[in-house]
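Visitor: I am new to this structure and would like to learn how to read it. Please take me through it step by step.

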Amino acid sequence: MYSVIHSRTKSRTPDGDPGFTLLGTVARKSGCDPAAALEMRPDYVKAILEPLGMLQYPIVVITDDRHSAVLARLLADPDIGHLIRTVPEE
């Protein structure tokens with residue numbers, strides 16, 4: 001068992017970030033936080049995985065490296081940092 005985090009910008013252009021636009025629209029309609037799913041802060045990840053009993057399994061992070069702070073924060077977290085795995089480019 002494992003969890004997967006997709007940390008991608010969903011950007012179609014080098015300078016744009018439609019992910020924020022898309023999630024902003026979803027947040028307005030649902031009342032959810034407009035940035036939490038893009039920021040993937042450790043507390044957000046733990047709040048989702050803990051009730052599911054998944055904090056004992058690896059967390060695989062798939063990223064386009066446009067938001068390197070996401071991976072750095074997850075790796076630095078004392079509770080889940082040791083669970084983080086990355087997918088090589090090849």
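**Sheet and salt bridges**

Guide: Three strands, in the order E1-E2-E3, make up an open sheet with parallel pairing. Strands are DSSP runs of E with at least two residues, helices are runs of H or I with at least four, and both are numbered from the N terminus. Two strands pair if DSSP finds at least two bridges between them. The model is predicted: local features need pLDDT of at least 70, side-chain atom pairs count only at pLDDT 80 or more, and totals for chains, interfaces and linings use all residues. Residues are numbered from 1 along each chain as its sequence is written, and side-chain values use heavy atoms, leaving out hydrogens and water.

Visitor: Which strands are the edge strands?

Guide: Strand E1 (3-7) and strand E3 (84-86) are the edge strands, each pairing on one side only. Strand E2 (residues 59-63) is joined to E3 by three bridges, and Val60 has Arg85 as its bridge partner in E3.

Visitor: How many salt bridges does a search of the whole structure find?

Guide: A salt bridge is a side-chain nitrogen of Lys or Arg within 4 Å of a carboxyl oxygen of Asp or Glu. The search finds four. Lys46 forms one with Asp77, with the closest N and O atoms 3.2 Å apart. Lys46 is in helix H3 (residues 42-49) and Asp77 in the loop between H4 and E3, 31 residues apart.

Visitor: Is Lys46 buried or exposed?

Guide: Buried means under 20% relative accessible area, exposed over 50%, and partly exposed in between (1.4 Å probe, protein chains only). Lys46 counts as buried because its relative accessibility is 11%.
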